[in-house]
Protein chains: 2
Amino acid sequence: MTGVAVIGAAYTKFDEHWEKSLRDLSTEAGTKAIADAGIEGRDIKALFIGNMSAGKFIGQEHLAPLTAENAGLLPIPATRVEAACASGALAFLHAYLAIKSGMYDIVVAAGAEKMTDIKGNDAISTLMGAGDQEWESATGLTFTGLYALIARAHMHQFGTTREQLAMVSVNNHKNGALNPNAQFPMEITIEDVLKSPFIADPLTLLDCSPITDGAAAVVLASEKAARKSRNPIWVLGSAQASDTLALHSRNSLTEMLATKVAARKAYEYAGMGPDKIDIAEVHDCFSINEILAVEDLGFCEKGKGGRFVEDGNIARNGSKPINTAGGLKSIGHPVGATGIRQIVDIVKQLRGEYGPLQVKGASTGLALNVGGSGATAVVNIFGKEDRPRTF
Amino acid sequence: MTGVAVIGAAYTKFDEHWEKSLRDLSTEAGTKAIADAGIEGRDIKALFIGNMSAGKFIGQEHLAPLTAENAGLLPIPATRVEAACASGALAFLHAYLAIKSGMYDIVVAAGAEKMTDIKGNDAISTLMGAGDQEWESATGLTFTGLYALIARAHMHQFGTTREQLAMVSVNNHKNGALNPNAQFPMEITIEDVLKSPFIADPLTLLDCSPITDGAAAVVLASEKAARKSRNPIWVLGSAQASDTLALHSRNSLTEMLATKVAARKAYEYAGMGPDKIDIAEVHDCFSINEILAVEDLGFCEKGKGGRFVEDGNIARNGSKPINTAGGLKSIGHPVGATGIRQIVDIVKQLRGEYGPLQVKGASTGLALNVGGSGATAVVNIFGKEDRPRTF
C-alpha cells in the first residue's frame, strides 16, 4: 500500500474572533496550509472538514461545499465529518483512507468551529450534544460535570491528587505562553488553578479548556506526490474506536476504552509501541483527561498518570513531552478544529522548525483526539521518516 | 483494485414515528440489513452514518458511536458524515472508499433522520441549514422557495409546463402505492397536484417531498467477502462533487453542476454511459429536481426533461424507469436516510426479488442524492454483475 504524508499545515489564531466568520477562519487556515505545502489550489482533489455543531452554533449545516467554495476549490468533492470534539482527527483519518483507496492523490483535511456567536449557556448546552441526549443532557449534566465524575473516581481509585490535576494545566500553559496562536498564552501556577472558581467539583475554571473560535488545516499527499515536497511528515498509523455515549454504561470511569482500542490499532499499524513515541498531543479538554490519556496510551501504568505528570515527564524537557504548543487548555478548543490543530503541532515539531516552541530531537509523534467523554477516540501516529506499516 | 458489493439492504417504514426514537429507527434498519446480508454483527468492522441535523432536530450530535452502541457493535470505528440531504449517499461513498483502502472488509453504511420531534416551522428553518446561512436563510428563503426559483427559470428557459412538473409526482406516487414502507402510498392525479395549495409558486404541496422519520442501512463487502454472499450487487462507480451553496452564485439556475461532474466521474469509473443505466433513483425533493436530474445525468438533452417525463420514459414500463419504489415524494424524505434508502431500492431491484415493486430485467442502476439546492451531489452506479472499472 502507498504511504501518505502531511505536506502542509497551519492554523489560525485561536481566539474569540468577533470580526471573523466561520468561513473566514476556514479559508484562512486552508490558504495557509496550501501555501505551506508549496502547491496550488488546483492540485487539491478533495476536501474534508471536521466540525461538531455549526448547525447549532451558527445555523449552518452543509459546511463542506461552503468551505470548498470560499477556498475557490469548487467543484471538488467536499465532506463534513462529525464526531463531536474528535471531528477534526476523524476528518483527517478519512482523508487518509481516501488517499489510501487510490481515488485522490492530494487532499485537504480541515477543522473549524465558531463557538462565540451564541450565548455562553447555549454553547454549553450545544456541547452537550456530544453526550447522550436521553440519558445525560436531559438530566442537566454538563461536560465539566461528566469529567468531574471521572476525576473523582480517579482520585478515589488511584490516589490522584488535586495538585496533580493542576500540574497538567500548569504544564500546558507554560508551553502555550510561547505560542503566538494560543488564546490564553500566559503561564499559571498550581495555586492559580486551585484558587480559581469551581466549575464542577473537583474541577476549577483553570482545569477546563475554553470556548474558542478557530480553524486548522493540513494537506495530505500520496507517497508519489509527497516525495516532491520539501519536508513531508509521514502518517505511520491512524485508527479510531467507539464507546458508549453515556458514562454510566461503561465498565470503568477511569479508563477510556475507545482510546485504548484506537491506540492499540494505531501502534500495530505503525509497528511501534508507546516507548517509541517522542512527543504527543493529547486531548486535555479537562485536566483529568490528560492523565487518562497518558495511561490509556501506554505512556505509564493505569493509575500512575498523576505521578507521571508530577514527576515532570510531560514537560518540554521531560521523558515524554506532551502538548508542547499549549494543548486545548492554553491554545483553546474550537471543538471541530482541535484534532487538526493537534496534527499541525506534531507536524511542525517533527519538521524541526518550530522556533521557540521546538522540542529537540523529536522524530515520532502521536495525536489523540477524543470526542465527548470518550465515545470516539482517534489516534494518529507520525514520523519524520517513512517506514514499513501494516496498513 | 478490489471490487466492492452491497450484500445487505433494508429500510424501516418511512413515517411520522411518534413512538420510536432515532436510535430505535437506526437500530431497526441496521439489524434488518445485517440479517439480510446473512452475517453476524461481529463481522462488521466499521459503521458510517449519514445524518443531516440531529443536533437541531433532537439535540444529539455524535450520532455514530451512539448508533454503534445501540446496534451492539462497540467498539468498532463509527463515523457520521453530513452533507445535508446528500448525507446518506456520501456516507455510502466513504464506506466504499474505506473498503477500497484495504482497512476494512465489511462495513455498514446507514442513514437516519428524526424530523417530527420539533415544530413544523422549526423543521423548515433547520432544513435551511443546508442553504447558505448568510445569504439565503437570513433573507427568509425556504427550500421550496429556492426550488420554485429553479422551476420558474426552467419553465421560462425551456417551456417546461406546470403539468409536466405534476407528472413527476404522479409517477412517483403510482410507484409508491406499491411500497409498504412508503409514508404516502397512494396514487394521485395531475389535477390533485395542480389543485393542492401553493407552497411557493409554481410549486404546490404535492410537488414537495414530506417531512419524515426513518432510517436505512446497507452492508458493503470487499470482493473476497462478497463472493460468499447469496446475491451481491456490485458498486461500479461512486463519485461526489460540490457547488456553491447560494443559488445566486451559480452561472445557471437550470442545471446542477455538481450532478453533472459527479455523474461524469461515476460513468467514467464504471466504464459506461447513461444509455447503459436500466433504472435510476433520483432526488425528487421537489418535482422540478427530478426534471433537472434526468437532464444532468444525461438521460435526455438539457431542457427536454419535462418532455421526457410527459412521454412516459420514467414509468415502470418506460425506457428509463425512475424512482420505481416511490421516490422522496411518496416514500418520504428523512433527509439523512434518503441517500441510503435510494441505494436499498436499487439493490432490491437488481436482485430481481422486489415483489410487486419489481421492474423487469434491470441489471444496472444509478442513484443520485442531492444536498441542499445542489451544493453536494453524489452518484453511485450499481450492477448485477461485477465488471472492470477504472477506480
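In the predicted model, the residues that line the second largest pocket comprise 19 nonpolar, seven polar and one charged, where Ala, Val, Leu, Ile, Met, Phe, Trp, Tyr, Cys and Pro count as nonpolar, Asp, Glu, Lys and Arg as charged, and the others, Gly among them, as polar. This pocket holds about 540 Å³ of space, and among its 27 lining residues those closest to the centre are B:C208, B:S209, B:P210, B:I211 and B:F286. Two or more lining residues come from each of α5 (120-127) and α6 (143-158) of chain B, with α6(B) giving the most, three residues; helices are DSSP runs (H or I, at least four residues) numbered from the N terminus.

The largest pocket has a volume of about 680 Å³, and of its 34 lining residues A:I124, A:C208, A:S209, A:P210 and A:I211 are the closest to the centre. At least two residues of this lining are supplied by each of α5 (120-127) and α6 (143-158) of chain A, and α5(A) gives the most, with four. By class, the lining has 21 nonpolar, ten polar and three charged residues.

A pocket is an open set of points on a 1 Å grid over the protein atoms alone, where a 1.4 Å probe fits and protein lies on both sides within 12 Å along at least five of seven lines, and lining residues have an atom within 4 Å of a point. Points are joined across faces, edges and corners, and a volume is the space filled by probe spheres set on them.

Residues are numbered from 1 along each chain as its sequence is written, and chains are lettered from A and ligands numbered from 1 in the order in which they are written. As this is a predicted model, local features need pLDDT of at least 70 and side-chain atom pairs count only at pLDDT 80 or more, while totals for chains, interfaces and linings use all residues, and side-chain values use heavy atoms, with hydrogens and water left out.
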